Amino acid sequence: MSSKNYYDVTTWRSGNAAEDIGEVINSIIADIKKRQTTPDHGEGGKPGAVIYIPPGDYRLRTQIRIDVSYVRIEGSGHGFTSSSIRFNVPEGDWAGLHELWPGGSRVLVDLPLAGESGPEDGAAFYVARSGDPRISSVEFVNFCIDGLHFRSDGSDRHPENTYVNAKTGIYVADANDSFRITGMGFVYLEHALTIYNADALSIHDNFIAECGNCIELRGWGQASKVTDNLIGAGFRGYSIYAENHGGLLITANNVFPRGASSVYLNGVTRSSVTNNRLHSFYPGMVELAVNSSENLIATNHFLRDHEPWTPFLGTDNGLDDVYGLLRVSGSHNSIIGNHFSEVIDSQDIRPTGAAPVIMRLVSGTGNYLANNHVVGIDVSTRPSDSCYSAQVDALLTTEASQELAVTAVFVQSESTGNTVLDSGTDDQVTMSREMNAFRATPEVGSAVMATLGNL
Amino acid sequence: MSSKNYYDVTTWRSGNAAEDIGEVINSIIADIKKRQTTPDHGEGGKPGAVIYIPPGDYRLRTQIRIDVSYVRIEGSGHGFTSSSIRFNVPEGDWAGLHELWPGGSRVLVDLPLAGESGPEDGAAFYVARSGDPRISSVEFVNFCIDGLHFRSDGSDRHPENTYVNAKTGIYVADANDSFRITGMGFVYLEHALTIYNADALSIHDNFIAECGNCIELRGWGQASKVTDNLIGAGFRGYSIYAENHGGLLITANNVFPRGASSVYLNGVTRSSVTNNRLHSFYPGMVELAVNSSENLIATNHFLRDHEPWTPFLGTDNGLDDVYGLLRVSGSHNSIIGNHFSEVIDSQDIRPTGAAPVIMRLVSGTGNYLANNHVVGIDVSTRPSDSCYSAQVDALLTTEASQELAVTAVFVQSESTGNTVLDSGTDDQVTMSREMNAFRATPEVGSAVMATLGNL
Amino acid sequence: MSSKNYYDVTTWRSGNAAEDIGEVINSIIADIKKRQTTPDHGEGGKPGAVIYIPPGDYRLRTQIRIDVSYVRIEGSGHGFTSSSIRFNVPEGDWAGLHELWPGGSRVLVDLPLAGESGPEDGAAFYVARSGDPRISSVEFVNFCIDGLHFRSDGSDRHPENTYVNAKTGIYVADANDSFRITGMGFVYLEHALTIYNADALSIHDNFIAECGNCIELRGWGQASKVTDNLIGAGFRGYSIYAENHGGLLITANNVFPRGASSVYLNGVTRSSVTNNRLHSFYPGMVELAVNSSENLIATNHFLRDHEPWTPFLGTDNGLDDVYGLLRVSGSHNSIIGNHFSEVIDSQDIRPTGAAPVIMRLVSGTGNYLANNHVVGIDVSTRPSDSCYSAQVDALLTTEASQELAVTAVFVQSESTGNTVLDSGTDDQVTMSREMNAFRATPEVGSAVMATLGNL
């Protein structure tokens, strides 16, 4: 490791990484910039560097500011554990716990003025550079960013259960190219990842959970991918949010509760949400908003059931059950081959007596829905004090339950010219048959009746 | 690398990693525990460590026992090679081989009493910890676990071809959270990975082949992912097995032969098997057993053909050809958009003269099958002494073959209320049209006939 | 890092990695072979090694030749930036740019005789070994291979925009097993990756762009995967090309322009192209050629629009708009659940006045097309001098546009016995209804008419 472009935060000459890793990494970045000054020295000259964070606890008291391309920050452990479960263990039992905190190569975000002025102020890593070219190939790999605590939101809610602390893990302010976020752990941050104006971004194989919001792609962007992550936001926030992106590929993610939204696309076009496993405690799981058009939503597994864990009982995202698990404002989208399980207690449906809506088209034209399978099951909820036992029990319960009547597809009159095929039986689909094309999923016995009709 | 939490097995003060890496890693873990004793030292205190295994041969004579969170065992090479091909080269030719053994950062499992008492005794890595919280974020990355040899199973079969040796690569006994298995190689183990009670587990981008069984998720679990792996079990075992899991995402895997089972789900609910490439020499490729319900099986490629390699000719998994390539005991599953190629010699069909069954519904209700495409091709098998040449030849042969009559969908009378759409022509589907909903795939010329019928 | 099997190119005793990393790595490989001579020394003996390339600029003046298994070449940064954008910035503005070149762990390919005799001569990494076993588990991880410059192709085109320089990143000449290419960056190479005769190859999570051709799998092969990559070839070349492969899994890739071809399969069978996001400026995006059969093409997002960036205006791949975005010569393929957006200026259609063809079946039999959704939009092109602004603008433009008439499915008379379901309305599908099976996508109002017809 004699290379000058390899840094270890524990051996850097300036600062003490355990006390303030922010000061250390900023000093390293200054060193990189001091050494790599020539934009063209023999067809090179600014290769960047890797900054290594060995496993350990590193308090961050100074925001890290990255304004140089090709910097890779790398640890040796994503270090996630459930702080949410721990903070809901009675304090008297903490002495009996093996460990209380996340671990691995762990950055403890402890900024003095977190979020007083804006979300970027509370960011552990703040990436910004104006001018040309866009900052490129910054990489975050295999370490943990821990926001430590949530704080009171002014309600009666336990402060550690609010998902509020004005802290952000990584905040990218300026247009960027070919960034890579891989193998990371994020926990107890109000915002895990906020990235503006991304091109060819890869967010791959991370663990982003117990954060207020997980992935926010803001501004605009193109040709990026969010793939193969384990993700779960808090009840106020987004698991995956994107705005004004084209050509975004969201696939192979396992998005678990309790985010207010699993995937929210705002003015997103020509993108894919395919092949994800999505689980939520609320309606509005996937929303295509503000003329999100020509997107493909295919072969996803949607599960909506009830919050089973005592500390969050009664929490919701404010949406009622006719809002739609999948809600579309936009045109020419393809909704193909998805499975929907709505597994709720019919007594809890809002508004009372309504049939929950699974797919809802709000506005636009030319959407194509085909081969979506909707399962409605009426269950009695059984809350539990154990977070994962409660969830596993609820997940595995499929027997001794009754069918729940649902509206598989609801097309508002503002949305016309859509095609709905084999995505609900005739009485499960509410829409104008004149203004849209429709073929009902055949009902049991219908083949026999059709044959009789032909005689 | 001055951090105390970075260990290199070749420089540790105790033991000799080449002679017994087990003793060395156990000593390192003892050191971690000795140094990290305080569960809460300044909002941290137990970050764990990384244990590095450089490329090399490391014999394991002592089982490694992991009972501490945030330990990452990392190598620099998955080191797979086909031991199966090598052991079937005549011994007189071995002197001419470039190498005889796998490589990379390679652990040679040589436990003295492997499997005498139970599968956990033969485990190279044994992870167990009771109490709270569950052990979290243990990571296994980029190294090779090699079981070295199989042994006689009492039959006439060559001992190295039995897939039996009572050795396990990694065995996790207790409830766990956010584990990560990435970039690993597993070879010649009776069980590669056996993990009980997993939550948010990631098994990603590994090479797990020539093992008796590859991935076994036992006990119960939720919200895990098995993604982007190359996998192939032995003729007795499972490539991917899961029981009592909910929200499991199995996607983007390339599962090659010769496992008795490609994917076996036992009491698994609300999970996804999507977008995999599956290849097997036997029926029963994917089975949803014991009331596995509300799962999505979509856009997978199923190929079933014959074993072409001489050493395994005549081997099978004991199932006949009407068992189903995909077999479902459960309710409300979605089977959408899969491709099935059944490419076999009609002379070898069991029972003689039967039409092989592709999708079989055994019990349950409310399953939804749509847009599955079944191709049946009758071929003459051509075995070969070269493993990969034989397989490639067989894979690429599509010409000069005849159509094979198949039963695309067979629904037993115990399974009712299902919907079967465009997944087989009328004569390819055997089921009660009264008790299920059905629309046949149109046959060539049928559009013309329908038009005529309307006149 | 005391292990003899861990090498750092910057500290190796022979050569100077900055001046010629080729000489250094060849010297290291010679050392590995000198030390690891015994094919069976205590059930091991040839574990290979890892060769580390820290971030930095490393000129390659000598071709690296790899003929030993289990070698892992690893860097700490894929280092991509857009050289294409930079070379199209007026030279007078270069002084104001933050950096001019790619970075990370960067190999500058500067071979004296690049490509004079054949493509392998211009390869930075040349992997070849005959005899048995096949060379196994060579790994390329997390570094950058930069071809530096393109050169004049004899036309008036700016030399840096030709995608021609006779340089190849990695060239594998002989049969190989279990290779792994992960986390790499490739830029400004005529051929990024050319691999012959691959078995169980993994090309995962790479950034391969601004190369003449990106991935070429040649010879024959099986059971490989190309997953989760960001890919974009030049206007002459292939983004993903495979020939004579079986069981290939191409999934979760984001393939952006401007490749002449996004995915080209030549004699490929029983393989999957699923769940990719594909974007091209030309027809012929995905082609199944030369009897490619029994493949699954599912849940992909196809976008074809116009080149918006000034330097490449007017460039095309020579194909006209009736060629097909997806073109199939082969049998028994499944084309299911894909989204197609054809977003072009009707004034630019070739031949003039034609309806662009989306899916075209050229020859073969038994192909199954179902639930494909085709969107045609007529737009006015708006070129721009800014590469990514132009692309993002074009991607996000969906409003104020008119419908474009397209032929969703065109089946030539040479292709018969196919099944086409719900993939186009009656007037969007051109084929023999006698020789194929057909069900039209219902048109708006058709449900009403059907109901009336039944009365």
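Me: Taking a polar contact as a pair of N or O atoms within 3.5 Å, where within protein one must be able to donate a hydrogen and the other to accept it, how many residue pairs in polar contact does the rule find across the interface of chain B and chain A?

Reply: The rule finds 41 residue pairs there, with both residues at pLDDT 80 or more. Keep in mind that this is a predicted model.

Me: Ok. How many residues of each chain are in contact there?

Reply: Chain B puts 84 residues in contact with 79 residues of chain A. The two chains bury about 6,200 Å² between them, and carbon and sulfur atoms account for 54% of that area.

Me: Which three residues of chain B supply more of its buried area than any other three?

Reply: Those are B:Glu43, B:Arg180 and B:Arg270, which supply 13% of the area that chain B buries against chain A.

Me: And how many salt bridges go across chain B and chain A?

Reply: Five by the rule. One of the salt bridges joins the side chains of B:Lys225 and A:Asp205, at 2.9 Å from N to O.

Me: Switching to chain C. What rotation superposes chain C on chain A?

Reply: A rotation of 120 degrees, again with 0.0 Å of shift along its axis and an RMSD of 0.0 Å. The two copies are therefore related as by a three-fold rotation axis.

Me: Why do we say chain C and chain A meet through different surfaces?

Reply: Because only 10% of the interface residues of chain C are also interface residues in chain A.

Me: How many residues does each side give to that contact?

Reply: Chain C gives 79 residues and chain A gives 84. About 6,200 Å² is buried between chain C and chain A, 54% of it from carbon and sulfur atoms. On the chain C side, C:His98, C:Glu99 and C:Tyr388 lose the most area to chain A, together 11% of what that side buries.

Me: What about charges and polar pairs between chain C and chain A?

Reply: The rule finds five salt bridges and a count of 40 residue pairs in polar contact, both residues at pLDDT 80 or more. In one of the salt bridges, C:Asp228 partners A:Lys225, with the closest N and O atoms 2.8 Å apart.

Me: Which element of chain C gives the largest share of the side that touches chain A?

Reply: Helix 3 of chain C, with six residues. Other elements give two or more residues to that side, among them strand 30, strand 33 (339-344) and helix 4 (446-454) of chain C.

Me: How many bridges join strand 24 of chain C to strand 27?

Reply: Two bridges, and strand 24 (residues 254-255) runs parallel to strand 27 of chain C. C:Val255 stands opposite C:Leu278 in strand 27 of chain C.

Me: Are the side chains of strand 27 of chain C buried or exposed, and which way do they point?

Reply: In strand 27 (residues 277-280), C:Arg277 and C:His279 point one way, C:Leu278 and C:Ser280 point the other way, and all are buried. In a regular strand the side chains alternate between the two faces of the sheet.

Note on methods
Residues numbered from 1 in each chain as written. Chains lettered and ligands numbered in written order. Predicted model: local features only at pLDDT ≥ 70, side-chain atom pairs only at ≥ 80, totals over all residues. Heavy atoms only, no water. Least-squares fit on C-alpha atoms with pLDDT ≥ 70 in both. Contact = heavy atoms within 4.5 Å. Buried < 20%, exposed > 50% of the residue type's maximum accessible area, 1.4 Å probe, protein only. Helix = DSSP H or I, 4+ residues; strand = E, 2+ residues; numbered from the N terminus. Pairing = 2+ DSSP bridges. Buried area = accessible area lost by both parts, 1.4 Å probe. Salt bridge = Lys/Arg side-chain N within 4 Å of Asp/Glu carboxyl O. Polar contact = N/O pair within 3.5 Å; in protein donor to acceptor, adjacent residues only side chain to side chain.
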